[in-house]
Structures are given as structure tokens and as C-alpha cells.
Amino acid sequence: QQQQQQQQQLSLPWIVGISYGAEAKVLQCRPDAAQDLADRFMRLSIDAFGQGAFPRHDVARAVGATFTATSYVGPEASPAAKLLLQQYLQAVLGLCDWESGASSGWCTSLGVTTTTSSNNGGGGGGSSSSISLGDGMLGASPTGTSGFGGRMSQQQQHTTLEAADGQGGGFQGKWTSEQHEKDSKQLERLFASVLTAEQPSALLTSTALLCLVATMSQLSASALVRRAAKACAAKLGVVLLENVDQAAMAVGQQVTEELLKQASSNNNGSFSLSGNNTTSMMSPSSQQQSASSPGMSRNRPAQMSTDYIEAAIWLLRSCGQHERAMEVAAERLQQNPAPLPGSNNSNTILTTVSSDSSGEGIVATAAPSSRSSAGQWSRIKYESYTATHLSELWCCGQDEARELVLKSSAAFALLESNPRLGLSVFTALHPQNESQWRTLHPRDDPFRSTQDVVRVLQLLKSVRPKISTRSTRGNGDEEDAQNQTLPLESGRALAVTFLESATGLSTGRPVDGASGPDSEQQRGVFESISLPNSPQDEAHEEDLANFHDELALLLLEGIISERSDDDSGKDTELGMVYRSKLRSYLRWPLAKLRPERFLESLPSSFLPEKALVLGRLGKHEDALRILYRDLKSLDLALEYCDDRYDRQQSKIYKQPRQKYSSTGMFDDKELMEMPSDPDNAYLPLVRVALESDNTSKGCAAAIQVLSLRRSAIDRAAALRLLPADIPVSAVARPFLIPALVDSESQVRRLTVVSALLRARYLRLKEQLTSAQLKAQANLQVVPQLQSLNLGDSPLHSTQPFRARSSSGSSNSSSILPEVWIVKHFFARHLVIQARVTNQAALSEKAGRTLTDICFVVAESSEDEAIQPLLQVPIAVLPTGMTGCTWCVLSAAPGRMESSTAQLTCELRYTVSGQGDIMALNPQGGALIGRTFVEELQDLEVHASHFQ
């Protein structure tokens, strides 16, 4: 048992108290368990408020206090008790303000499990103990989040642990970096943050009582009240009403209404949360300070009121009452408050009733909202806060939270007052650029939940914005309309902007299909995930097409509604913006519009739009007849063909480009198998032009098309379409001659590009060859030598010496490279390193490249003892470079008949073409050039070198 106690006391902090009389005491803290914290919290609350002046039974149920602590009868409430409760709650909530910047904590055993065992004699038994967590106030607290222990230095941490260790001999332990990690983990568990999101009921209750007791202390505590409530909401995140403990919610509601009451009166007077007890909760010093402070700033009461209201809002959010929190913010914080749609609590007194286990009713009454005094928040600050609050609810991924946003009067009011900011609530999860679309996971697709999209559209269509977001108008032409943003002046405009964001039309969704559910690599991932309404589901595809149809119809409706009232029927400036967006959508390759249905709804006067719809049906000639004949615009017809040509090029080259990006080069077979378009994009326009009633005008238009797009058109096919009676002179100057010139220019350009690419390739090849030669010069790096397991280092290596040729031929000596030889002796191997330098640049055979250079031992005087085993040649040796070739011989020194062996050596190499560092046949890889065999001087090998 003594050993068990010593183990439990390990790493506990020590407190040294020294008096002025030179007397000292050393105390050791006992860590609190969860139940200890709950009971202490209950007793301190009773001391601070009294038994009946706060919701005692609700607090007890929320924190899990025992009956003994709940029935505790404390002394009369006093300012000292309130201050003690405030300081205690600040410590366990991590809200203490230290001048040193350290964070607060509390010594607990939460998250710590200690097990000890001992053997008696020869293993006759053992004992074990563990510190486990109860289900009381705090539950299980995750380890790793340190309190003030995280602010200690490394030396202080270890010193504290050594002082607490009963076997460490006080402070005599030596600090080492290896012990630091273990010590840090012990301190982190010991001083772990007490209240976290893992204990929501205790966290909410403790924060509420801290806000309550802080309102009864000095005037500067209003900032603490706001900070504590905000920290609690940040820890809990998005809280829904059905997930909140009823007892904790009752405490939070009652404290919230008291904060609102204090904010209305700007007075820290008497307070009671009980209907039958009115004990004063303010300290006399605070009352005196509040009554006599002539130097206090006039803005101080207003700031206190704002702090209390903000704290009440954060507490309401922690209780899951988000709609009530937004109503309070709208009524009490705006400088010019306006009632929310459907709000009916402006002149009512809110009464909250809760009953404890004894059946005792606890009533809290709140004063009516004060509409006469303006708040401290500007309009933009209030709208930004409301938008952030609604976005957090919408983005949390819970259906109940989204339901709350859709039914929220604050959301409707925000859409009316600031439509662009209000719309951002529903588009917060939409990708905003091409990069985000490419990395979008299929489960995050904006149309994953079709029901939510339908309800959002219904909400947006019902909104009538009260302010105009129309930008400065331009000249009123179509080009200016394309650069303008759609003003959010109606519910239709809101719905259009939402659908443009969801589809990706306005946010740069890539048209190559490499995004989200359209991406092949993402599609494989998505198919492995079982999701409702997946994009692979036919029903979901039908819903997606409905949304795209809805976008097109809304744009069409906007054009029709914005027609001018005069007989001209021209579009207004806003109508031109709608028309520009409709045309952009009809040209968008990713539009999932059902053209047959939309064509039935399209008025007959919308000829350009009808041409675009016919193009989506594949009726390109019919579309060009509308543009060229009916609208009499060759420019519009050419623009149509240009868009189609761009899509064709993207489709043709998309697959090879993807392969090129992964492999680094095109394959000849892939280039030959590239798909070709059966019909050039511009040939239908030539045919339509030639069908004109005016033959000469039609031929002139066809030749003009050929002249303007000669680089993108199939010239042979185009010439076959022209009538046979057209003279060559009519086609030669505008089309044939420029086409031939362009072809010659293209040939010259490609020739220059080819030469530049070859020069770059040769430069890179030379760099690669140099790197390979440098790597092959190292004995420990050559892969062929490593496979022989020669050993870490040779037993003996000779000094480098130059090898002389034994042949007197002048032809060979003129191109013979310089050779230096080093012999490396291992226990059972002899490795000969021949360092070869190509000196062809110094001879009459300048510029020659040597290939397949190999040092060979042709004959040995000790055939049985020393035999050739392996050669490592040099593949390519350009002019002026040096490389190493290796020859490995197996050696058996014990079999040598004499102490010295003679080795006959040769250098074999091939001389390739001048200046060609590749030295390889591109078709088959065969060597090119003449092969030489040069006899070198004999080498001597001594048996003693192997020892």
C-alpha cells in the first residue's frame, strides 16, 4: 500500500510556503477527481449566492453533485465568497488573466489512470489501483491540452517532477532531454484543461454562474462576462436545442435573462433568480463604487450594457436557442433597431419556470426589451455577425440547423437589408475558384442535398430586397452588360446568383471535367461511398437537370420582365445583363440544360438564343442560318463557329495532353490515333453562305470566311465546296496565297523549334552523362560491385599510376585515351579501377566520342588463383571527360604458386561519329563507329596484398 501511495504521488506539484519569521512548510497537492470538482463547485456556489438565491437543484443536476453537497448549508452570502467562486470558475475555465501571459488550470486526475503492482516473495500475488473517472461533473477530459503546466520551461517542468518524486531525492535529479518528453506528458495530464466540449453541461453551467457572479463584482467585470460566454460558445460549437441537457439549459436561460435585465437598467442592484428570495448579491464596495464615481466615462454604462447583451447572446447560442439569440441581437445591439419579421417579444415579459427534483418551482422573470435606447453596434457589424452566425448553422452539416436557418426571420431580414451578404450564408460552402472546384470531394457537391436547394430557392424567390445593389451603369451596350454584376434587386436575381454559384458558372468551374463528380479519379472514389442522392443516381441527375432548367428559365423571365414599355421592345439595362448571362449559360459546355424543353418556352423573337439552343441539339447549320440569314450578321456566325472550334480542339487534345503531363512526352502511336473531327467547325458556315439567294454575295461571304479562318479550316474540303465556275483569281489573293505563305512560315517555325529542342535535348543528355560518369567513379556506389558483397572497404589500395600502351602503332596512339589504374585488394577479390580520359580534342581526330570502353584482363599467369569475374564498362565518354571502368577478378591467394602474378591487360573501346555524344542508333541502339583493342602494360599482383 505504501508503494501504491508513492506511485499515486508521482509527479504531483509541491507548494513551498515561507513566512517572514523564516518558517516554512512544504505542501503537496492532491489532484481532484471529477466528483471532487462537482461538489466543490456546488458548495462554493451556495456560499456565494445562498441556498435559495440561485437555481440550486438545476445546477446540482447539471454538474452531477452529490446529495451531501447539494444540501450543504453555508454561511450568509458575502462579497468574499462571490470573489472566491469567481476566481475558482476562472481557473477551471482557463480565463485567468496573468501578467506573465500564463494560462490557468486546475490540478485534477481527469484522464490519468495509475496502476501499480508488487510481488511478494516469489510472485505470490500483487496489488493494483487505478484512478478512474466518474460520470459526475466533468466526465472524461481529453489529455494533451495543458493548463499552466504548458507555460513552464523545460527545466522547471523536470524540477517540479523530481521534487514530487519520493525516490528522486528532492531536487537532486539531473535534467536530460530524454526525460523531458515523459515529464511533459505527465504535466499535461495533471494540469489538463478541466472543462472542455466533452462536458457540455458542466461547461455551460459553470460559464453561466461565472457570468452571474461577475455582474455582482466590480464594474470592470463586464468584459469578463462577455469573454467567458464567448469562450463557452466557441468550445461547444454549434449546439442544437435537442442536444442540450435540460437542467443546464434552465440555468443558462435564467442567467441570460438576468443579463438582459441588467443591461436594460445599467444598474448592478439587487438580484435574485428565485421568486421568493431577494437577497442582495452585490458587494458594498461595488455599490459604493457604482454610486460615487464622478470621473467615470459616460460611455462606460453603455459599454457594460453591450457586454451583458453580447454575453447573453453567446449563452443563448450555447443553449441551442439560436433564433432567440438573433432576436436579442436585432433588438438590443443595433443602433437603429428594427423588429424582425414575425417577432412578437418586444413588449412581453419572458418568464422561465423550471422544477427541481423536490418539486420546487424556480421562476426567473426578465424585463421587457428596451426599445428606446439605441445599441452600440453599427448596422454593418450587426449584419456581419448575423451572417456569420447563420453561416455556421448552415455549414455545420446538420439538417436541424439548416431547417432553423431556412425558417429564421433573421435570415429573411438579412436578405432584405443586405442581399449580397445574406446570400453568402447559403453559398459559403460553394467552391469559389477553379482550384477549389478541382479539389472538390463529391460528398461536398453543392447539389448533393436537392431538398435543401429547392427550399433555398423558394426562400430567395420570396425575398424583396429593400436596398438597391445596382452598380454604375455603362453605355448600355451588350459588351458593357457582359462585364456587369447582376444587381440583387429581386428574389429572381437572388435565385439566379445562387444557381450560378452552385453550378459553377460564375466561379470558374473547369470545363475539362476534372472537378468533383465529373472527374474520373474522383468518380471512382465517389462510387465506393454509399451516399443518398449521389450524382451517379438517375433521380439525382434528373433533379440536377431541373436546376439547370430553372436557371435558364429564370434568366429568360428576367429578360422578358425587363423589356421597355415603348413599341421598340428593346431591353433595359438590367434586361441586357440578364440576356448576356443567358447567352453565356447557353454557351457553357457544362450546362445540363434540356434544350428541347427550353426551346418550347423560348419566344420566337429570341433568335440568337434560339441559335445557341439549336447548336446544343447538334443542328449547327440551322443555327447558322438564323445568325447569317435571319439576323444578317456574319460576325455572330463566326463567333458561333469560333466557340465550336475551341470546344473541338479541347476535346481532341484533352486525352493526349493528360498522357503528356504524366509521361513527359507523346507516343508516336498515340499521335497517329488522335481523334479527328468529321466536320470542321467553319465548313457549315461556308455551306450556309453558298445557299444564299444572291449567288455572288454568298460566294463572297464564303471566300471571306475562308480568308479569315484559313489557319483553322480544312482547305481542301473548303475548296471542294466552292462552285466550279468561281475563277481562281477570286480565291487566290484572299485565300490560296496567304494559306501557302502561312504553310511555309509554319514549316520554318517548326524547323527552328525542332533545332532548339534538339539543342536542349543534347545539353540535358550531356549533363546526364556527366552525372552518370561521376557516380560510376565511386567504388561504393556502382550497383554491379555492390551485388558482389565485397565488404565495407578494401584491405589495400595502390597509388594511381599511368598505364602505357605496349603497342607501337601510331594509329592507335593518336586516339588512345589516357588511362590511370588503381588496384583495390579485398579478401577474395581484386578490383581494378581504370580511370579513362578522352583526349581526342588534343589529337587530329578532334571531336570524337568514345563508347563502350572496357578494361579487360586477357590472361593471368596464375589461372587457378586469379580469374576474371566481372567488367563494368563506360557507356559513353564525350570529348574532354573522364570516367571509370571496373574489372573484378576472383582471387585465391593460397593457390598462387609464386608470390607475384602477371596480368595481361587490354582496353577495348569504340570511336563514334564526330561531336555525337549519343553515339547510339536511334532505331536499334546499335553502336556506330570503329572498335579498337589496345594492349596495355602487364600488371603485377602480390599475394601479400590480400592479407
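Colleague: Which residues of helix α14 are buried?
Modeller: This is a predicted model, where local features need pLDDT of at least 70, side-chain atom pairs count only at pLDDT 80 or more, and totals for chains, interfaces and linings use all residues. Residues are numbered from 1 along each chain as its sequence is written, and side-chain values use heavy atoms, leaving out hydrogens and water. Helices are DSSP runs of H or I with at least four residues, numbered from the N terminus, and buried means under 20% relative accessible area with a 1.4 Å probe, protein chains only. In α14 that covers Y382, E383, Y385, T386, A387, H389, L390, S391, L393 and W394.

Colleague: Which residue takes a positive phi just after α14?
Modeller: Helix α14 itself spans residues 379–395. Just after it, a positive phi of about 85° belongs to G397.

Colleague: At what angle do α15 and α19 pack?
Modeller: Helix α15 covers residues 399–407 and helix α19 residues 450–461, with axes 10 Å apart. Axes are lines fitted to C-alpha atoms over the stretch in contact, and angles run from 0 to 180 degrees between N-to-C directions. The packing angle is about 15°. Angles under 35 degrees count as roughly parallel, so α15 is roughly parallel to α19, at about 15°.

Colleague: Which residues of α19 does α15 meet?
Modeller: Contact means heavy atoms within 4.5 Å. From α15, the residues involved are R402, E403, L406 and K407. Their partners in α19 are D452, R455, V456 and L459.

Colleague: Is Q776 buried or exposed?
Modeller: Q776 is found in helix α33, residues 728–776. Its relative accessible area is 18%, so Q776 is buried.

Terms used. Helices (H or I, at least four residues) and strands (E, at least two) are DSSP runs, numbered from the N terminus. Angles under 35 degrees count as roughly parallel, over 145 as roughly antiparallel, 65 to 115 as roughly perpendicular and the rest as oblique. Buried means under 20% relative accessible area, exposed over 50%, partly exposed in between (1.4 Å probe, protein chains only). The expected span of a helix is 1.5 Å times one less than its number of residues.
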